[in-house]
Amino acid sequence: MHSPNSSPVHPLPVPSAHAFTLDLPDEEATATLGRELAPLLKPGMVVWLDGELGAGKTTLTRALLRALGHKGPVKSPTYTLVEVYVVSSIYWYHFDFYRFNHPEEFEDAGLGEYFRDDAVCLVEWPEKAAGHVPPPDVALVFRFAGDGRQLELVAASEKGRACLNTLQSRWPPAGN
Ligand SMILES: Nc1ncnc2c1ncn2[C@@H]1O[C@H](COP(=O)(O)OP(=O)(O)O)[C@@H](O)[C@H]1O
Ligand SMILES: [Mg+2]
């Protein structure tokens, strides 16, 4: 059973500075959240996207990249491990570690070099690379809730806290 009140998908490796939840009743709400988050992410930030298959991690990423001006498709990186985008003069790396059999595959694939000061990294299934993937500034934890989703937003750094404080102050955005 999916429960909105279940415990976190996995414990964060750093103490959370700020956390709150939002209801995302439909796909459009998930996309709206992605669009609102897009301008608040700065180079060097790492976002973990947690939640089961079909929870909305890729849906949010797609809306986020489109909001920044990306015109092409946003495919799930399930098979490629990482998809690369250059938008708004920033490198955006979208990872999906679902298919990892062991966390060391993160090192085997040389993925550490993507986590740079001039890039934003969006990571699906970070727990599959536990101990190797860098810790997040922001963790978004999707849970199934009826026909929709409940999203827990956790800031795990000062940059993440600033980002989520602004997001929370603007939510819900006008017109939604
Ligand atoms: N808030 C929501 N409520 C209901 N359905 C949603 C919501 N957000 C996304 N969806 C739907 O759930 C599915 C999520 O798929 P996807 O984003 O690929 O999931 P993930 O990347 O987490 O595996 C899509 O079919 C999308 O339309
Ligand atoms: Mg996905």
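Reader: Which strand is joined to S6 by eight bridges, and in what direction do the two run?

Author: In this predicted model, S6 covers residues 138-145, and the strand joined to S6 by eight bridges covers residues 148-155.

Reader: Which strand runs parallel to S6?

Author: Val 138 in S6 stands opposite Val 47, which points to the strand of residues 46-50. Four bridges join that strand to S6, and the parallel partner is S2.

Reader: How many residues of S6 are buried?

Author: Buried here means under 20% relative accessible area. By that cut-off S6 is mostly covered, and of its eight residues the number buried is seven.

Reader: Which element gives the most residues to the shell around ligand 1?

Author: H1, H2 and S7 each supply at least two residues of that shell. Lys 57, which is among the buried residues of the helix spanning 57-67, has a side-chain N or O atom 2.7 Å from an oxygen atom of ligand 1, while a backbone N or O atom of Thr 58 lies 2.9 Å from an oxygen atom of the ligand. With three residues, the element that gives the most is H2.

Notes. Residues are numbered from 1 along each chain as its sequence is written. Chains are lettered from A and ligands numbered from 1 in the order in which they are written. This is a predicted model: local features need pLDDT of at least 70, side-chain atom pairs count only at pLDDT 80 or more; totals for chains, interfaces and linings use all residues. Side-chain values use heavy atoms; hydrogens and water are left out. Buried means under 20% relative accessible area, exposed over 50%, partly exposed in between (1.4 Å probe, protein chains only). Two strands pair if DSSP finds at least two bridges between them. A polar contact is a pair of N or O atoms within 3.5 Å; within protein, one must be able to donate a hydrogen and the other to accept it, and residues adjacent in sequence count only if both atoms are side-chain atoms.
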